[in-house]
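Q: Please take a close look at one residue and what it touches. Then set that residue against other positions and the chain as a whole.

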Amino acid sequence: MVLILRFAIFMMALLISATVSAKVDLTIEGVEGELAANVEAYLLSVAEPKGKNLGAYRSSLETEASNALRALGYYHSDIKLDVSLKDGQVGKLKVTASITAGEPVIVKALDLKLMGEARHDEEFLTFAKKLPLQVDKPLNHGVYASAKSSITSMALQRGYFNGKFVKSSVEVEAKENRATIVLWFDSGVRYRYGPLVLTQPSPAEELVRSMASFTQGDYYLTTQVAQYSLQISDSGYFKNVLVRPNIEKAIGNQVPIEVTVGLKPTNSFEVGAGVTTDNGPRVKFGWSRPWVNDWGHSLGADLELSKQSQIVSTYYKIPIDDPNWSYLNIQTGYQRLDENDTESTKFTLGVQRFWKTPSKWDRTAFIKYDIEDSTQGNQTLKTKLIIPGLSYSRTRVRGGLNAVWGDKQLISTEVSSKYWASDADIFKVYGQTKWLRTLTEKHRVLARLELGAIAVDSIKSVPSSMRFFAGGDQSIRGYDYKSIAPRDDDNKLIGGKYLTVASLEYSYPVKPNWRIATFIDGGTSTNDFSEDLQYGTGAGVAWASPIGPIKLFLGVPLNSEETAVRLHFLMGPEL
């Protein structure tokens, strides 16, 4: 047991070794790899002597070195220690450990037995068969301790709350260099879900109950309870959430699940600011009332201001069953835009129906009524469109704010027709995919592809907000924002029916949280594919900041009459 406890402090010793080693000059000879690392960790955990008497310190080092070797199965090691004061100074030590490891103890028998209801639990049995305990392999007390701990953890995860080891031991026959591992675990009964209990009255009780994916009488699973807690938190209604099984109040084999929630304040406010080279500085104000009534309705408004655009929007959200998976959203909005050769104002009224599919795709069906008054180049256009549509999207990310792996998919369609009183017949489809991968821990690749098309007789009947443009920080770098598109006779941008943009970016770390990067982008916006594809390339740096990646690039166009180097500043998630 002492050996197991000593092995358990191995990681702690590693953490403090940097501080201790400043006073101890330690050399280990005769062993390497895992053995050497374990001996070092144990030796550096020994408290240093306060004076010049090194006898007790040497004795402790011998004990710890022996324990370190025995933890990995080496019971017949020869250890020689040379301990002295470095330069004759108290507090500065020089230690040389010369070790002959000898032959390791081999596990010759494994006696693993499951008792109780777990012996009929197929998942538990499969788990037990995969434990890293192997016969005819060197004894490792750390692996034994880890296996024992994982059995207990698995039992708790699957509702065997009374599980315990009837017998657990490592029986070493040192003279024969052999060991027997014994693990007898009695799981007891497997608990089931009891009633769902809110610990305090809440107007959200019905909503909280509706989000549970389990029912009373089902077998208990910790993962389900954790997911339930996460779903309640993600709903946006609550400032604090606690979900836990109360074993002490179990009746028979049913354990009640207690839920404690606290609603967010009646009114919540958010203020944000940002800057990009495409749009310059911008500010955003948000207000929300996350809980309007006992049905869980919520409403809010957002205001976003920049030099080129001003956007005001409101929403009213109505949950349908689980608000994370299904809801109805009623939206209104106003947008004023003045950029490049585009001036427009647009009013929108829309209704969205959102579902999350079992494969975690976000599916949104919508219908909106747009009134847009725009000047695009030399053309002035007023449109009133009723537009139903459908979109699918999914984002997968690993690594948090500064992701190291992930992908993003989006495809959407919009349809307008004179049959339902729109001013124009328009069918628009747009798709985007992004892929972020880190290869061999250092080489990071970000690939992006955008495709879009509008089926329409003439681009002149399409409002500015629906036309395609390319160029800018998130498109083809080396070019100004939305500067790539067909132009009229006065060389003013008119936008295109079709969009094609592809990008490949590579980055490599040069120091912690800093990477150098290079990229090549290409594509176009066109009406008839008569325009040449435009390419841009460049290089820059990326900083993995506490608020997410911040990138600074210098980009140049490759096949344009313009040769100016453009600065591109990006802040925010890559996917």
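A: Contact here means heavy atoms within 4.5 Å. This is a predicted model, in which local features need pLDDT of at least 70 and side-chain atom pairs need pLDDT 80 or more, while totals for chains, interfaces and linings use all residues. Numbering starts from 1 along each chain as its sequence is written, and side-chain values use heavy atoms, with hydrogens and water left out.

Start with isoleucine 181. Its place is in strand β6. Strands (E, at least two residues) and helices (H or I, at least four) are DSSP runs, numbered from the N terminus. Strand β6 covers residues 178–186.

Isoleucine 181 has a relative accessible area of 3%, so it is buried. The scale runs as follows: buried is under 20% relative accessible area, exposed is over 50%, and partly exposed lies in between, with a 1.4 Å probe and protein chains only.

What does isoleucine 181 touch, leaving aside its neighbours within four places in sequence? The partners are Val107, Ala109, Leu110, Asp111, Leu133, Leu139, Tyr144, Ser169 and Val170. Two of them, Ser169 and Val170, carry numbers that fall within β5 (164–173). Glycine 540 is another matter: 359 residues separate it from isoleucine 181 in sequence, and 57 Å separate the two C-alpha atoms.

Asparagine 177 sits in the loop between β5 and β6. Its phi is near 55°, a positive value in a residue other than glycine. With 17% relative accessibility, asparagine 177 also counts as buried.

At a relative accessible area of 26%, lysine 482 is partly exposed.

Next, the second largest pocket. Its volume is about 470 Å³. Of its 20 lining residues, Ser483, Ile484, Ala485, Arg487 and Gln534 are closest to the centre. A pocket, on a 1 Å grid over the protein atoms alone, is an open set of points with protein on both sides within 12 Å along at least five of seven lines; lining residues have an atom within 4 Å of a point. Grid points are joined across faces, edges and corners, and the volume is the space filled by probe spheres set on them. The lining divides into eight charged, six polar and six nonpolar residues. Asp, Glu, Lys and Arg count as charged; Ala, Val, Leu, Ile, Met, Phe, Trp, Tyr, Cys and Pro as nonpolar; the others, Gly among them, as polar.

Leucine 263 belongs to strand β9 (residues 254–263). It is partly exposed, at 24% relative accessible area. Not counting residues up to four places away, leucine 263 touches Pro203, Ala204, Tyr237, Phe238, Lys239 and Trp291. Asparagine 240 lies 23 residues from leucine 263 in sequence, and 7.5 Å from it, C-alpha to C-alpha.

Glutamine 231 sits in helix α8 (residues 222–234). Its relative accessibility is 9%, so it counts as buried. Beyond four places in sequence, glutamine 231 is in contact with Met211, Asp322, Asn324 and Trp325.

Tyrosine 75 is in the loop between α4 (55–71) and β2 (78–85).

Finally, the whole chain. There are eight helices and 25 strands. The radius of gyration is 33 Å, well over the 25 Å from the globule rule for 575 residues, so the chain is more spread out than a compact globule. That radius is taken over C-alpha atoms, and the rule is 2.2 Å times the number of residues to the power 0.38. The C-alpha trace spans about 95 × 65 × 40 Å along its principal axes.

Buried residues, with isoleucine 181 among them, make up 42% of the 575. Among contacts between residues at least 6 apart in sequence, 56% join residues at least 24 apart. The accessible surface is about 30000 Å², and 55% of it belongs to carbon and sulfur atoms. Areas come from the Shrake-Rupley method with a 1.4 Å probe; for residues, only the protein chains shown count as cover.

Terms used
1 Å grid on protein atoms, 1.4 Å probe; cavity = no way out; pocket = protein on both sides within 12 Å on 5 of 7 lines; lining within 4 Å.
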